[in-house]
Amino acid sequence: MSRYAGNARSIAALVREAEVHRDVYVDPEIFGLEMEHLFPNSWVYVGHASQLAKPGDFITATIGRQPVLASRHSDGSIHIFYNRCPHKGVKIASEPCGNTGKFFRCPYHAWSFKTDGSLLAIPLKKGYEGTGFADTEANEGLSRIKNVVIYRGFIFARLNETGVSFEDYFGQSLSTIDNMVDRSPEGRLEVVAAPIRYLHTCNWKMLVENQTDTCHPMVAHESSAGTAVKVWKREQGDSTETPMAVQLYGPFMSPYEFYEQSGIRIWPNGHGHTGVANSIHSNYADVGGYLDQMIAAYGERRAHEILGEVRHNTVYFPNVMVKGAVQILRNFIPIAVDKTLVESWVYRLVGAPDKLYERALMYNRFINAPTSIVGHDDLEMYERAQEGLKSNGNQWVNLRRLYARDEQPDVTAVINGTSERQMRNQFHTWAKFMTMDMDKHVEAAE
Amino acid sequence: MIDEKAVTDFIYREAELLDTMQWQSWLDLFHPEGRYWMPLEWQQQDPVLQPSLMYEDLLLLKVRVERLAGERTFSQKPKSRCHHLLQAPQIVACDTAAGVFKARTSYIYTETRGDMLERYSGWASHDFVQVGDALKIKLKRVDLINFDAPFGNIQLFM
């Protein structure tokens, strides 16, 4: 029985001012509607332009659950297509990345397409003469996604033809991407390796929420970060230098007061970040030569400004988190209502010392890998939530921490760093983007 | 005198220690400068500037072992158990004069927790150093056949 399809009101009713109904995490119908409405209405991260360095380079990805294919055309332009042959629907590319040469060729019947998606050739073409083929969608080649924006190398796409513009959607939140790119003395990032992939048996939104949840590290990660701090204290002997590993683990155990003062900044459309005044990434050891490179590239004042902005986690609604200070992007890819694939990418700062890339890779495997003890702590909590939310005793999830009665949605504000307001911000946006192309159905039904 | 049988026996003994959860005895098999490495690329060369699943020194391995027993380690309630099924190790080098001892062992590894059971296949490469009469692990490298697939939690040691 369908409770939510075509019923914008019932979906909006799942999000109260400071609570959300458990169905947003556990109901398969809601998940289906997210794929049908939320993801196509949103600007979703597809990949990085450095993965498409040369003509013919391609990557595959998903937007929601839609398989897509991005390619670099001979004129340098980047195009994104639905990853299926217009003939029988066979996926054109099945590898995560590669170079297809001058054209894509479907492996089933050898239909071929230029790297801008247009139809190049079909074997025995004359068999289509006089059949009306020229008037079909298939004759246009690979179905192209029209709304694509590449912002400082980051490729985003919106599946729906109409909707909120890229600029209005992200607004000032792009400042986190700016800061990450500016950390390269050449102002360039590059992807040089595959991401760490980690399968989560929980709803994708639990992961997104956790990115700005500053009241869990000292509790849930006592087992990992807390043990790391304890073991180091015991084993350090007369060592005066804190190993990079301990520098990365240690700050997770910062007290509530630290997170309170470090602050959270929220932006319209569900974006926001932790670590405004400072963050858990603020006190890493300097990497020799890097500051000098930055000063040479940007000047003294600007270099310090860039490196002084040490944000913690920035959520790009709906399903991406960026850490500028360690050049990591986590993509929370929805697979099913209770299954999420997390791909954690590390970008290399072009022109910066290798030590920074080494640190970013270390951070990624400590925190975001299936072999990561911090990851084990988090996944255990998500799995328990996915199970616990089946309970009918209380069907609401409480997001009321530091809620003010006069709280306004869709504003820019800097607030106490232990607030759950960014989660409320996300769910306000969730309801909006779930239903923005649904209203006409409701009116039609009335 | 360390011969090929000593190398093989060491590898069987290591698997036994892991399967019986004698974590401290397992840590004692490592040289103080030893490393445990799980690459994330096929025939990966560099553990530092290429991404890995794990590349840990003894300090970090101690953290893992101590965490497993922690009162607030909720991902170990209930506890995980593991099983190593090893093929006979292939001796790559056994040269007492040069102090070089290397072996490669094909394995199937099973990790279980509660009602979940996961299987992994791959190769373990051991690089030993001789300390007194004994071998110590300089590098244990664990290559999974599907290193590039997304896994759930892997909490113990392959």
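**Exercise 1.** Determine which residues are in contact with Asn368(A), leaving aside its neighbours within four places in sequence.

*Solution.* Two residues are in contact if their C-beta atoms, placed from the backbone, lie within 7 Å.

The model is a predicted one, in which local features need pLDDT of at least 70, side-chain atom pairs count only at pLDDT 80 or more, and totals for chains, interfaces and linings use all residues. Residues are numbered from 1 along each chain as its sequence is written, and chains are lettered from A and ligands numbered from 1 in the order in which they are written.

**Exercise 2.** State whether Asn368(A) is buried or exposed, and locate it in chain A.

*Solution.* A residue is buried if 20 or more other C-beta atoms lie within 10 Å of its own, exposed if 12 or fewer, and partly exposed in between. Asn368(A) has 23 other C-beta atoms within 10 Å and is therefore buried. Next, its place is the loop between H13 and helix H14 (373-388) of chain A; helices (H or I, at least four residues) and strands (E, at least two) are DSSP runs, numbered from the N terminus. Finally, Asn368(A) lies 13 Å from Ser224(A), C-alpha to C-alpha, although 144 residues separate them in sequence.

**Exercise 3.** Describe how helix H8 (residues 222-235) of chain A packs against helix H3 (residues 58-68) of chain B.

*Solution.* Axes are lines fitted to C-alpha atoms, for helices over the stretch in contact, and angles run from 0 to 180 degrees between N-to-C directions. The two axes are 9 Å apart, at an angle of about 125 degrees. H8(A) is therefore oblique to H3(B), since angles under 35 degrees count as roughly parallel, over 145 as roughly antiparallel, 65 to 115 as roughly perpendicular and the rest as oblique. Among the residues making the contact are Ser224(A) and Trp232(A) of H8(A), and Leu59(B) and Arg67(B) of H3(B).

**Exercise 4.** How many residues of each chain are in contact with the other, and which element of chain B gives the most?

*Solution.* In total, 28 residues of chain B are in contact with 33 residues of chain A. Strand S2 (52-56) and H3 of chain B each supply at least two residues of the side touching chain A. H3(B) gives the most, with seven residues.
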